[in-house]
Amino acid sequence: QVQLVESGGGLVQPGGSLRLSCAASGSIFVINAMAWYRQAPGKQRELVARIRSAGDISYGNSVKGRFTISREAAKNTTYLQMDSLKPEDTAVYYCQADLYLESLKYEGAWGQGIQVTVSS
């Protein structure tokens, strides 16, 4: 009933930038929060950034000062601007949303993930 579609990943050199986008669609009543997670090979999935409908934002310690999350509520879309990228940022990045469907059922939705590779 809900789809999250990520875009904007790819290969970038160390020190470079990328901007990820995630668009939510389907029978959505309201989105309470949207977030980005990432998972590197052999590691657990970790929170990168989260933005709530009230506007409060949180970041994982490893990305503070380099990544910026934003949201375009009218389009049910969130963005992750990634600057000063490092090889250790290489991972599959997942979009996640906490939302209520039109049926008022709560759902925690996930995107399929998008690869970000930082390498020279």
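Start with the open sheet made by four strands, which run in the order 1-3-8-7 with antiparallel pairing. Strands here are DSSP runs of E at least two residues long, numbered from the N terminus, and two of them pair if DSSP finds at least two bridges between them. At the edges sit strand 1 and strand 7, each pairing on one side only. From one strand to the next, the twist averages 15°, using axes that are lines fitted to C-alpha atoms, with angles from 0 to 180 degrees between N-to-C directions.

Before you click on, note that this is a predicted model: local features need pLDDT of at least 70, side-chain atom pairs count only at pLDDT 80 or more, and totals for chains, interfaces and linings use all residues. Residues are numbered from 1 along each chain as its sequence is written, and side-chain values use heavy atoms, leaving out hydrogens and water.

Now select strands 3 and 8. They pair in the antiparallel sense over six bridges. Pick C22 and look across to strand 8, where its bridge partner is T78.

The structure holds one disulfide. It ties together distant parts of the chain, with C22 in strand 3 and C95 in strand 9, 73 residues apart. The link of C22 and C95 is left-handed, at -85° about the S-S bond. Both C22 and C95 are buried, meaning under 20% relative accessible area with a 1.4 Å probe, protein chains only.

Next, the largest nonpolar core. It has 31 residues, and W36, L80, M82 and Y93 have the most contacts inside it; such a core is a set of buried Ala, Val, Leu, Ile, Met, Phe, Trp, Tyr and Cys residues joined through side-chain atoms within 4.5 Å. Strand 9 gives the most to this core, with six residues. Select M82 and you'll find that it touches, among others, L18, L20, F67, Y93 and V116 (contact means heavy atoms within 4.5 Å).

Last stop: R38, in strand 4 (residues 28-39). Is R38 buried or exposed? It's buried, with a relative accessible area of 5%. Show its side chain, and you'll see polar contacts with the side chains of S62 (3.0 Å) and D89 (2.9 Å). A polar contact is a pair of N or O atoms within 3.5 Å; within protein, one must be able to donate a hydrogen and the other to accept it, and residues adjacent in sequence count only if both atoms are side-chain atoms.

Technical notes
Buried means under 20% relative accessible area, exposed over 50%, partly exposed in between (1.4 Å probe, protein chains only). A disulfide is a pair of cysteine sulfur atoms within 2.5 Å. Lists of a residue's contacts leave out its neighbours within four places in sequence.
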